[in-house]
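Follow the strands first, then the helices, then the core. Keep the chain letters in view along the way.

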Amino acid sequence: MIIVFLKVINNKDRFFINNKIEKQIIGILLDVDWFKLLYYIYLEIIVGDKMEDEKKLSEFQRRINSGEVIEPKDWMPERYRKQLIRMMGQHAHSEYVGMLPEANWITRAPSLRRKLILLAKVQDEAGHGLYLYSATETLGVDRKDLLEQLLEGKAKYSSIFNYPTLSWADMGVIGWLVDGAAIVNQTVLAKSSYGPYSRAMVRICKEENFHKKQGYEIVATLAKGTPEQKKMVQDSVNRFWWPALMMFGPHDKESPNSAELMRWKVKLKSNDELRQRFVDLTVPQARAVGLTLPDPELKYNKERRSWDFGEINWDEFYNVIKGNGPMNKERIKARKEAHENGAWVREAAEAYAAKHKINRKI
Amino acid sequence: MSEKNKDSQWPLWEVFVQSEQGGPHIHAGSVHAPDPEMALQNARDVYSRRNEAISLWVVPSVSITATMPSDQGPFFDPASDKIYRHPQFYHVPKGLK
Amino acid sequence: MKLDNNVKNALFEFLLRMGDDRLILGHRLSEWCGHAPVIEEDIALGNIALDLIGQASAFLNFAAGVEGKGRTEDDLAYFRNETEFKNLQLVEQPNVDFAHTIVRQYFFDVYSNLVLTNLTSCPVNELAGMASKSLKESKYHLRHSKQWLLRLGDGTDLSNEKTQNAVNNLWRFTKEIFDIDETEKLLIEKGIVPEMSGFREKWLDSINKTFMEAKLKLPEDNLDFSAGSRNGFHTEHLGHLLAEMQILARSYPGAKW
């Protein structure tokens, strides 16, 4: 009997028992008092909760559809919370890891003005990482745990940062293409359904515009500079164009999370739509400074009023995501070293606070 | 794993920024910090890199008590029918400022 | 203000010292970017580096103007050799760890606050203006480095040990900070730079108070040599720093960036 009972309650996806034989068995069993008791408890707790959840879920979807903003304490499906934590965590990690390729050139910036700009930009990225970690923490996850996942290689971040920065021109091209792509993405995310995420995005978008502009300024300066500088910047565009297109993720049909994220208005535009928008924005900018984008199939399509472009090398894309990009190991190593070397500092500050009881109530 | 478990994190502080004299302090986000002084310094660097603040508050996140979404009805609806609290409720002769 | 040639030269020298201190220290701090103990500190150190390099840019720009040979602040930053740099040996010392970084910063910040406060009453308007702008920033830097020094010194046994070690390593670079040479004597005599005597005592007094609170010990005062960095005598670290800093600018002379 217990087995039957367990079988019934394990069948959690069904609210009601449809199977005739099971119904009959239950009918008989309901005469047994202790079974009756258990069964009603089961109906009350499991089925009752399920129905309640179902009601909440449809109410939730109604709120999303009517454009309401979801706040941390509001009821939300567990899936929504998990998807947000995954996506916002990845986004935060991307900013944090994304500091490294550019920080690589701060000490070699060719003028004081450029040094100041680059330093301010990389520092902004730390700030953006922080806004995003802070927004993710409103979902009941600790930054410490998010960082741990990053350091253990369990969390993803934008694969663009696994490419090396090999010349000063990369500082321009990253600002122009990588931040440019990020802005296309983030402008849409600023309207996402989760309040803390969208507010962080609004702030970030405001600041990112400076990043893109300074990048394009470097690109334009190099493009009209000496022959060596021109060569430097074209080489950089050749290296970063395709990885920048990859930043929008796989094609819609191969993007496992897209449909759900769009239904919940966490994402509002599909990967392919955003990628197209980016290409359409960027081609004229490249032409304006006389740079060639490394895609022979790039051609204006009059009917679509959009640029057709070639297929991304998806093998490379998945390979870099899997950890085999040129700089994956170095990036994680740098983050780990900073974390481990900083442990004694964090502990010291904590010990000081405890000694001086300045955190009495915390 | 024991190494990692040892690594606790600094407490969380909510940051409120006043951006102009006489204006309200508005919630900007949060920072981690070991104590109030460091929380202020971190808040300054994170939320006022572009001169956004003339004054900052930091409050331990755990010290904030907030209403729950389920409170929405009983807490706030009763105020919505007291239209006499709003100036629009009153009729005054036209042209009067 | 009309200046004699020898006074002008001295002022140029003095401005190089002010600019170079800030450029080199700012550069060192910028090396932390992306590698700090917590992300909040990445931002804090970045801010201080930005302030310092900004100050350096202003001092060097003014220096170039005083020199009057058509050089720019970038020429001064990127096209001088190590013996032509006039920064203190203290600021060129490597980061090593967070303790060394904070101790180096604290020693410099206390000094910088003294000098900048002094210069706000300088009769050369540009210099006085630069000093008062820099002083605001420097006061905040001091608050940051002092608060960290207290936490590191009076934190855990390990942090105390590391910090004391940093103090012991860096102490020998502090004496020359207060040497007054012919250049400065001339500027003081002409009333351009206010009197600086008693600075070391004031500096020591601040350091002493903070060290007591931070449970750190002042090393034996056995500093009877002067490093002479103000005349271009440096430790080996500066050359490597400059090699990195100047590589791009020097590899493409005449290029615009």
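Glu14(B) stands opposite Ser30(B) in S2(B). Strands here are DSSP E runs of at least two residues, helices are H or I runs of at least four, and both are numbered from the N terminus. S1(B) and S2(B) pair in the antiparallel sense, over seven bridges. Two strands count as paired if DSSP finds at least two bridges between them. The model is predicted: local features need pLDDT of at least 70, side-chain atom pairs count only at pLDDT 80 or more, and totals for chains, interfaces and linings use all residues. Residues are numbered from 1 along each chain as its sequence is written, chains are lettered from A and ligands numbered from 1 in the order in which they are written, and side-chain values use heavy atoms, with hydrogens and water left out.

S1(B) and S2(B) form a hairpin, with six residues between them. Gly22(B) sits in the turn and has a positive phi of about 85°. Strand S1 of chain B (residues 12-18) also runs antiparallel to S3(B), joined by six bridges. Here Glu14(B) stands opposite Val59(B).

Now turn to chain C. Helix H6 (residues 125-153) and helix H9 (residues 199-213) of chain C pack at about 35°, with axes 8 Å apart. Axes are lines fitted to C-alpha atoms, for helices over the stretch in contact, and angles run from 0 to 180 degrees between N-to-C directions. Lys146(C), Leu149(C) and Leu150(C) of H6(C) meet Thr210(C), Phe211(C) and Glu213(C) of H9(C). Contact means heavy atoms within 4.5 Å.

Which residues touch the most other members of the largest nonpolar core? They are Tyr80(A), Trp168(A), Phe107(C) and Leu127(C), in a core of 197 residues. Such a core is a set of buried Ala, Val, Leu, Ile, Met, Phe, Trp, Tyr and Cys residues joined through side-chain atoms within 4.5 Å. Buried means under 20% relative accessible area (1.4 Å probe, protein chains only). Helix H2 of chain C (residues 39-67) gives the largest share of this core, 15 residues.

Beyond its neighbours within four places in sequence, Tyr80(A) contacts residues including Phe60(A), Tyr194(A) and Trp264(A). Chain A has 13 helices and two strands. Of its 362 residues, 54% are buried.

Definitions and conventions. Buried < 20%, exposed > 50% of the residue type's maximum accessible area, 1.4 Å probe, protein only.
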